[in-house]
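Biologist: Please put the model on the screen. I will ask what the terms rest on.

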Amino acid sequence: MQIVRTISQLNNLINAVKKEGKTVGFVPTMGYLHEGHISLVEEAKKHDDFIVMSIFVNPLQFGPNEDFELYPRDLKRDEKLAKMANVDVIFYPDVQEMYQKDLTCTVHVQKGVNALCGKSRPGHFDGVATVVLKLFNIVQPTRAYFGMKDAQQVAVIENLIADFNVPVQLMKCKTLREEDGLARSSRNVYLTNVERQQAPEIYRSLKQAVENIEAGEKSTSKLKEEMISHLSLTTTGEVDYVEILSYPSLDEISAIEGQVIIAIALKFSKARLIDNVTITV
Ligand code: AMP
């Protein structure tokens, strides 16, 4: 496995791989790898010959009071995990390499960002879309693998690909969880012991909502009320949002119908955790 730090070196490598007729699978990450990231690599290996993983903590997608500086980083550890998973190349640019000069153009996401994380993190998805478009142009992958853990991100990238005719196939991968249901996340390391015990309540609350829907509950306000009270009773976290929306359009709905996303963001002392489930009724 190689670690490549420059765009030109990566371009040379990808050109050589493509000349051999191989397909390229791309797994973009911010590093501090866990089993969730590795599950994307496993999926990529089922479809593609050559696997590129990027590790880049993108300053553009962090707000001024967010955790860009604090975001966990450990290349040595990531290198071991990626190698074990048979990643072919880690693309590991620094901020200077990705943004060599001030950008004259950025992507502004117009649709699907007035809810969920887009609402509480203004500008976040502009930063995501901008870096993902750059990465797509740099890596030129056949397929790109994204986790449904970040379902709003998947919806935004799907629109980005369609809007800009990006020749890449988007692969949506399911959320990998700990045994107690907590979604794997690089931010889980910032939970205190007590918060770690409480964090599975996020998924429990989502599952309870699914059960209630399956039992015939249609009212999104009733379902949301129950989730908020569950989280308040069982955790010390502060509810950032509890939402039930149409998916992938992310419009508000009062009654459950068609494909919906049930999503939670909960702020613990040092980690804001997100999770969601999508169901079709
Ligand atoms: P991140 O490093 O958090 O930006 O995540 C990189 C990619 O891994 C994104 O496509 C995420 O949706 C995906 N991902 C993160 N956590 C999980 C998980 N628990 N299961 C599956 N995919 C995940």
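Biologist: Which residues come nearest to the ligand?

Modeller: Met 30, His 37, Asp 150, Leu 176 and Arg 184 come nearest, out of 17 residues around the ligand. A residue counts as near if one of its heavy atoms lies within 4 Å of the molecule. This is a predicted model, in which local features need pLDDT of at least 70 and side-chain atom pairs count only at pLDDT 80 or more, while totals for chains, interfaces and linings use all residues. Residues are numbered from 1 along each chain as its sequence is written, and side-chain values use heavy atoms, with hydrogens and water left out.

Biologist: How do you know where domain 1 and domain 2 lie?

Modeller: The domain assignment gives domain 1 as 2-173 and domain 2 as 186-275. Such bounds come from an automatic or database assignment.

Biologist: What area do domain 1 and domain 2 bury between them?

Modeller: About 1,700 Å², with 58% of it on carbon and sulfur atoms. Leu 116, Cys 117 and Lys 149 supply 28% of the area that domain 1 buries against domain 2, more than any other three residues. Buried area is the accessible area (1.4 Å probe) that two parts lose on being put together, summed over both.

Biologist: Why is the pair Arg 187 and Asp 67 called a salt bridge?

Modeller: The term requires a side-chain nitrogen of Lys or Arg within 4 Å of a carboxyl oxygen of Asp or Glu. The closest N and O atoms of Arg 187 and Asp 67 are 2.9 Å apart, so the pair qualifies. The count between domain 1 and domain 2 is 1 salt bridge, and the whole structure has 14.

Biologist: Why are Lys 76 and Glu 79 about one helical turn apart?

Modeller: Because they are 3 residues apart in helix α3, residues 75-84. A helix here is a DSSP run (H or I, at least four residues), numbered from the N terminus. Lys 76 and Glu 79 also form a salt bridge, with closest N and O atoms 3.2 Å apart.

Note on methods: Helices (H or I, at least four residues) and strands (E, at least two) are DSSP runs, numbered from the N terminus.
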